[in-house]
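Here is a short briefing to read alongside the model. Keep the viewer open and follow the topics one by one.

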Amino acid sequence: VSGRVVHPPRREPDPAITPTLHRAAGNWAANRVRAKETVDWDEWRDRATAIRTDAIAELPELLARFEARLTEAGGTVHHAATAEEARAAVVRICAERGLRRALKGKSMLSEELGLNAALAEAGIEAVETDLGEWIVQLLGDRPSHILAPAVHLSAEQVAALFSERSGETFDAADTGRLVGYARKALRESFLAGDVGITGANFAVAETGTLVLVESEGNLRMATSLPLVHIAVVGIEKLLRDWDGAAHMIEMLPLAAHGRRSATYTSLITGPARDGDDGPEEVHVVLVDDGRSALRGTELESALHCIRCGACLYACPVYRQVGGHAYGAAYSGPIGAVITPALEGMKPPTGELPWMSSLCGACTEACPVGIPLDDHLVTLRAWAQRHDGDAAERTFWEAWARLWSRPASYRAMAATAGRVLQPLWRAAGGGAGGWLRRAPGPLSGWTDERDARPPAAEPFHARWKHARGR
Amino acid sequence: MRVQLFVTCLVDLAYPEIGERTVALLERLGCTVEFPAGQTCCGQPALNSGHPHAARRVAESFVEAFAGTEGPIVAPFGSCVHMARHGHARLVGDHPEAAGVAARVRDLAGFVVEDLGRTDVGGRYPGPDGTPIAWHDECHLLRGVGTAAAARTLLAGVEGCHLVPTARGDLCCGFGGTFALKVPKVSAAMADEKLDRAVEAGARAIVSTDPGCLMHMEGRARRRGIDLAVHHLVDLLEPNGTL
C-alpha cells in the first residue's frame with residue numbers, strides 16, 4: 001500500500017495545534033521579509049522557475065545524462081516506475097548485502113512510498129535520524145509538514161515522550177537537555193547503522209551528483225558512516241547543470257527559512273574514492289510513480305516543486321487544520337495539488353483541491369513559480385469530471401443557462417428579491433432580515449454564519465428605474 | 001471619460017447600494033457612467049466549483065456584453081476583476097473579443113488612483129466620528145490584480161475614522177466562494193481570526209473592497225454576536241458620510 005494517501009481530508013480546524021502552527025507560520029512570514037531584503041525576490045524566483053521549467057522539459061535527456069555520469073563515478077542507478085518497484089528495489093539492495101539497520105534521512109518521497117513499513121516487513125530496522133522525524137517515528141505518528149515533521153507537537157509532548165522512553169524526567173522548557181537526550185540516542189543508532197537511506201533535494205545531471213541540504217548534520221552522518229548509501233529520488237529532482245544548481249541551492253533555504261545557505265549542504269558524486277572515508281556503494285533509486293504522466297499536462301509545473309514548505313506556512317487553511325488533515329504524505333497547497341495529480345484523482349484524493357480558499361498566498365510564496373491556485377481550480381474540474389456529484393452538475397448547468405442569457409438573468413433577479421425577501425422574513429430573518437438557518441446546500445453557509453437577504457430590488461432594476469435605459 | 005460599470009452579480013443581487021455609490025463616485029470624478037444591460041457575471045462561481053464548461057458560457061456572455069462598448073470597465077469587486085483579467089484568458093481565450101475586453105477591466109480603486117490619477121477623493125466614515133477601523137486586504141486585489149495599495153491610498157483620504165494596524169492583515173478571511181459552503185468550519189475559523197484580531201486591535205469596523213468577504217465576515221460577526229460594522233470602501237468615499 002502506498003503511503004501517499006491515508007484517509008480523506010478532514011475539513012475541520014484543529015484548535016489543539018493552531019497556536020503552534022500560527023507561531024511557526026509567523027516565523028516563516030518574518031523570514032520571508034528577510035529573504036526579500038536579502039535578494040531581489042522576483043528576479044530570483046523567475047530564474048529558479050526558468051531552471052526548473054528547463055529541467056522538467058528536458059527530463060528524459062537529463063535522467064539519461066545523470067545515470068551515465070553517476071555510473072562513471074562508480075554509483076548504481078535503479079529505475080522504479082511505481083511505488084512498489086521503488087520499495088522492492090530498496091529492500092532488495094539491503095537484503096542482498098545482509099543490511100539490517102537503516103539510518104533514515106528525512107525524505108518526503110520515503111513517506112510517499114511508505115518505505116518504512118516495507119523495510120519493517122523485510123526485517124530491516126529503520127531509524128529516522130532527523131530530530132523531528134525521529135520524534136514522530138517514536139510516537140507512531142506521521143510528519144505534518146514537508147520541512148518540519150513535528151511542527152504539530154508541543155515541547156510538552158516531546159518532554160513527556162522522552163520521559164516515558166528514558167525513565168528520567170524532562171522539563172519542556174529545558175530544550176538543551178531534550179536535544180541532548182535525542183543526540184545521545186541518535187549517536188548510538190548512527191554507530192550501529194549499516195546502511196544510510198536518504199532522499200535528495202536535487203540531482204545534477206552534469207556530474208551525476210546528489211545535493212542534500214539540512215539543518216542537523218544527520219544526513220551527512222547517514223551518508224558517510226555506513227558502507228552503503230541508498231538515495232530514493234523522484235525523477236523531477238533533476239537539474240541540468242551546476243550553473244542552475246548553484247542558484248537552487250541558495251533558493252531552497254531562502255524560500256524555506258529566509259537564509260541563503262542551509263546549515264549543511266552535502267554534494268555526493270558516487271561512492272568514496274580510493275583512500276577516502278565514506279560509503280563503498282551509492283545506489284540511486286529514481287522513482288517515477290505518476291510523475292512523468294504529468295509532463296505535457298496543464299499541471300506540469302507542479303513538478304517544479306522543490307519541497308521548501310513555503311506554501312504550507314503561507315496557507316490560511318493549513319494554519320487552521322495542520323498537515324495531518326490532508327490525509328496524505330504531502331499536505332498544504334502543494335499536497336492538495338500533487339496528491340490527486342499523482343494518484344490520477346483516485347478517491348478520496350479528488351476532495352483535496354477543495355482544501356483551499358484560492359486566496360493565492362501559496363502561489364505568491366512559491367519560489368519556483370507554480371500557479372498553485374490555478375492548479376487547484378484545474379483539479380476541481382478534473383475531480384468533478386471523475387466522480388462529481390450529479391445534482392451539483394445539474395445545478396451549475398441550469399445556472400449557466402440562466403446566467404448566460406441576460407434577459408432571463410434580469411427576470412430571475414427581479415423576481416428573486418420579491419420572492420426571497422418575504423421568505424427570508426418568514427424563515428425567521430432577524431434584524432435587517434439576516435437568516436440564521438437556511439435549507440439544503442445553503443445550510444453550509446448558515447451552519448457558521450448568518451445569511452444576508454437578497455436586495456428587494458437588484459441594481460439592474462434600480463438603474464433602469466433611475467436612468468430609464 | 002466614458003466608463004462602463006461592471007456591477008458584478010453579488011453586488012447586483014445583494015448589495016445594489018454598493019453599485020449606486022460606485023456610480024456616484026465615478027460621476028463625482030467627472031466620468032460618464034454607462035451600464036451595459038447585457039452583463040450578468042464573470043463566471044467565477046462555476047469555475048471555482050469545478051465546472052469550467054458552465055463558467056465558460058457565462059464568461060462568454062460577459063465578453064459579449066462589454067465587447068461593443070467604450071472605455072474602461074470598472075467594478076467595485078476585485079475578485080471579479082481578477083477573474084476577468086486573469087481567468088478569462090484560460091477560459092474564453094479563443095473568443096476574438098476576450099483579450100480586448102479583459103485588458104479594459106479595472107477595479108474601482110485601481111481605476112481612480114492609477115488611471116484617473118486621483119489619490120484623494122475625500123469621503124467621510126458613515127458612523128461616529130473617530131471610529132477605529134481595521135482594513136481587510138482583498139486577496140485578489142493584493143495578490144491578483146495588484147492594486148491593493150490604491151485602495152489604501154483612497155482610504156487615507158477618508159475623514160471620521162482612523163486605521164488600526166492588525167497582525168497578518170494579508171491572510172484570507174475564509175470566504176473563497178464555494179469554499180465557504182464546502183469547508184464551512186475552516187472558513188469560519190479563518191473569519192474568526194480576522195474578526196478577533198480586529199477586535200483585539202480596538203477596531204469598531206472592518207473595511208474592504210470585496211463584497212464576498214464582507215458578506216462572509218458580517219454574517220460570521222452576527223452569528224458570534226460581535227459588534228463590528230462591516231463596510232465596502234466605497235461606503236466611506238461618500239462626501240457626507242451618510243448611507
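Which residue in β8(A) is the bridge partner of A:Ala203? It is A:Leu238. Before going further, please note that this is a predicted model, in which local features need pLDDT of at least 70, side-chain atom pairs count only at pLDDT 80 or more, and totals for chains, interfaces and linings use all residues. Residues are numbered from 1 along each chain as its sequence is written, chains are lettered from A and ligands numbered from 1 in the order in which they are written, and side-chain values use heavy atoms, with hydrogens and water left out.

**A sheet in chain A**

- The order β8-β5-β6-β9 describes an open sheet of four strands in chain A, with mixed pairing; strands pair if DSSP finds at least two bridges between them.
- Helices (H or I, at least four residues) and strands (E, at least two) are DSSP runs, numbered from the N terminus.
- Strand β5 (residues 202–204) of chain A runs parallel to β8(A), and two bridges join them.
- Helix α11 (residues 242–257) of chain A packs on this sheet and touches β5, β6 (209–214), β8 and β9 of chain A, where contact means heavy atoms within 4.5 Å.
- The direction of this helix makes about 165° with that of β5(A); axes are lines fitted to C-alpha atoms, for helices over the stretch in contact, and angles run from 0 to 180 degrees between N-to-C directions.

**A sheet in chain B**

- Chain B has an open sheet of four strands in the order β2-β1-β3-β4, and its pairing is parallel.
- Its edge strands are β2 (32–34) and β4 (105–107) of chain B, and neighbouring strands of the sheet are turned by 40° against each other on average, direction ignored.
- Three bridges join β1 (residues 2–5) of chain B to β2(B), and B:Val3 has B:Val33 as its bridge partner in β2(B).
- Helix α2 (residues 16–28) of chain B lies across β1, β2 and β3 (73–75) of chain B, at about 175° to β1(B).

**Cavities**

- There are five cavities of 30 Å³ or more in the structure; on a 1 Å grid over the protein atoms alone, a cavity is a set of points where a 1.4 Å probe fits but cannot get out, and lining residues have an atom within 4 Å of a point.
- Grid points are joined across faces, edges and corners, and a volume is the space filled by probe spheres set on the points.
- The largest cavity has a volume of about 140 Å³, and among the residues closest to its centre are B:Arg168 and B:Glu193.
- With five residues, α11(B) gives the most to the lining of the largest cavity.
- The second largest cavity holds about 80 Å³ of space, and A:Cys305, A:Cys308, A:Cys311, A:Cys366 and A:Pro367 are the closest to its centre.

**Salt bridges**

- Over all chains the count comes to 47 salt bridges, each being a side-chain nitrogen of Lys or Arg within 4 Å of a carboxyl oxygen of Asp or Glu.
- One of them joins A:Arg4 and A:Glu343 (2.8 Å, N to O).
- A:Arg4 lies in the segment before α1 (18–38) of chain A and A:Glu343 in the loop between α14 (332–342) and α15 (361–365) of chain A, so this pair ties together parts 339 residues apart in sequence.

How values were computed. On a 1 Å grid over the protein atoms alone, a cavity is a set of points where a 1.4 Å probe fits but cannot get out, and a pocket is an open set with protein on both sides within 12 Å along at least five of seven lines; lining residues have an atom within 4 Å of a point.
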